[in-house]
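Visitor: I have this chain open in a viewer. Can you walk me through it?

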Amino acid sequence: MTAISRADDARRRHPDLDPDPAPARPRLHRTWARALLGGAVMAGALGAGNAGGAALSRAFGVGGYGGHLLSAVLVSLLAVPTVLWLRSARPPHRRTPQLGPPVRALYGFCRGVAVTGSSAALVFGAGTAAGWVRWSSLDLASLGWFLLTNALVAMLLEAVPEELTLRGHTWGALRERLGGVGAALGTTAVFLVTPGASTVVQAGVGRLVGVPTPPMGLVPQGQDPFFYPVLLTVFGLTLVAARTSPGPGPLWASIGTHLTFLSVNRVAFDGVRRHAGWSARMAPEHAALLGLGYLAVTAAVFLCLRRWKRPALGEKRNAGTGRGTG
C-alpha cells in the first residue's frame, strides 16, 4: 500500500481528522485576559513608577525635571521587561513583532514622526491662515532644548512602555481572535481605562511610601471630563493606524507618532507654562478642533499608505508565482 493510499484510508476511517490542522484560535475569554494583562502591566508600572519616583525624589532631594525623569525611568523599568517576558512565553507563531533591529526601528520611528509632524503642520498652518491661532515669538534655542528634554521623559514615561504593552501585547492578543477592526477598538478601549487604573495603583503605592498622590479617576485632574475621553479615543485609534502601517518597524511608527503628538501638544497648547520657547494662543473650541483634526489627518495618511501598499504587494506575489495580475 502506498503512502497516498494509506493517508486516504486513514481519512475514511476518521473523517474528522485533519492531516494539516491550522493553529487553533484562542478562546475569547483567554484573549481578553491576555489583552487586559497588557493594560494592567501599563497601569501598574505607571502608577507605581510615579509614586515610587516621587518617593525617591524626596529621599535624594531631586526636584523639577530630575524628578520627572526618575519617575519615567522607573515606569520603563517596570513595564518594558515585564511585557517582553510575556512575549517570550508565547509560542513562536503567536509572538507579535516588538522593538526589532535598530535600522528597522529607526525607519519606523522616522515614519511616525514624519507623518504626524507633517499632519500637525498642515492643520495648524490652516488654522493660522484662518486666524484661529496666534503664535508667540520663537526662541529657537529654548525650543530645541525643550524638545530634547521632553522627548527623553516622554519616551520613557509614555511612548515606549505604552506602545509595547498596548499596541504591542494587547493589540497582538486581540488581533488573533477579533481581527483588525475588533483589535483596534478593543485596544483603544483598554487604552481609555489604563490612565484611570494607574491612579488607583498610584494612590495605593503612594500611601505605602508616604507621598501625596493626585485624586483617583478616569479623567486626570484639570482635564475636561467630556473632551478628554474623546481625544484619547481618537488618539488611540490613530496609534493603531500607525501600528498597522506598512513598512519596517511598525511598532516604532506608533512610538514616533506618540512622541510627536505629545511634543506638538505641549508646545502649542502649554508652551508658556513649560517654557518651551514657542507657544500658540487660540480659543478653546479652536484648540479642540485643531487637536482632533491633525490626529484625524495622521490616521487617514496611515490608512492611505496601507491601501496604496496592498496592490503593490499583490503584484509582487503574482510576479513571484509567474501569474499575471489581469
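Visitor: What kind of model is it, and how are residues numbered?

Guide: It is a predicted model, in which local features need pLDDT of at least 70, side-chain atom pairs count only at pLDDT 80 or more, and totals for chains, interfaces and linings use all residues. Residues are numbered from 1 along each chain as its sequence is written, and side-chain values use heavy atoms, with hydrogens and water left out.

Visitor: How many helices and strands?

Guide: The protein chain has eight helices and two strands. These are DSSP runs numbered from the N terminus: H or I of at least four residues for helices, E of at least two for strands. Along the sequence the pattern reads α-α-α-α-β-α-α-α-β-α.

Visitor: What percentage of the residues is buried?

Guide: Of 326 residues, 42% count as buried. Buried means under 20% relative accessible area, exposed over 50% and partly exposed in between, with a 1.4 Å probe and protein chains only.

Visitor: And contacts in the protein chain, what percentage join residues at least 24 apart?

Guide: Among contacts between residues at least 6 apart in sequence, 79% join residues at least 24 apart. Contact means heavy atoms within 4.5 Å.

Visitor: On to packing. At what angle do α2 and α3 pack?

Guide: Helix α2 (residues 28-60) and helix α3 (residues 65-88) pack at about 150°, and their axes are 7 Å apart. Axes are lines fitted to C-alpha atoms, for helices over the stretch in contact, and angles run from 0 to 180 degrees between N-to-C directions. The pair is therefore roughly antiparallel. The classes are under 35 degrees for roughly parallel, over 145 for roughly antiparallel, 65 to 115 for roughly perpendicular, and oblique for the rest.

Visitor: Is that crossing left-handed or right-handed?

Guide: α2 passes α3 in a right-handed crossing. A crossing is right-handed if the near helix is turned clockwise from the far one by less than a right angle, and left-handed if anticlockwise. The residues of this contact are 14 nonpolar, eight polar and no charged. Here Ala, Val, Leu, Ile, Met, Phe, Trp, Tyr, Cys and Pro count as nonpolar, Asp, Glu, Lys and Arg as charged, and the others, Gly among them, as polar.

Visitor: What about α5 and α6?

Guide: Helix α5 (residues 140-209) and helix α6 (residues 227-243) pack at about 135°, with axes 10 Å apart. They are therefore oblique to each other, and their crossing is right-handed. Residues in the contact include Trp171 and Phe191 of α5 and Tyr228 and Phe235 of α6. By class, the contact has 13 nonpolar, four polar and three charged residues.

Visitor: How do α4 and α7 pack?

Guide: Their angle is about 35°, with the axes 7 Å apart, and the crossing is right-handed. Among the residues that meet are Gly108, Gly112 and Phe124 in α4 and Ala253, Gly256 and Phe261 in α7. The contact divides into 13 nonpolar, seven polar and one charged.

Visitor: Which residues touch the most others in the largest nonpolar core?

Guide: In that core of 36 residues, Phe124, Met155, Ile255, Phe261, Met282 and Tyr294 touch the most other members. A nonpolar core is a set of buried Ala, Val, Leu, Ile, Met, Phe, Trp, Tyr and Cys residues joined through side-chain atoms within 4.5 Å. The elements giving two or more residues to this core are α3, α4, α5, α6, α7 (250-268) and α8 (284-321). The largest share, nine residues, comes from α5.

Visitor: What does Phe261 touch?

Guide: Leaving out residues up to four places away in sequence, Phe261 touches Thr116, Leu231, Phe235, Tyr294 and Leu295. There is also a second, separate core of 10 residues, which includes Met42, Ala45, Leu46 and Ala72.

Visitor: Is Thr194 buried or exposed?

Guide: Thr194, in helix α5, is buried, with a relative accessible area of 6%. Beyond its neighbours within four places in sequence, Thr194 is in contact with Gly39, Met42, Ala43 and Leu166.

Visitor: And what is phi at His275?

Guide: Phi of His275 is near 55°, a positive value in a residue other than glycine. His275 lies in the loop between α7 and β2 (280-281) and is exposed, with a relative accessible area of 67%.
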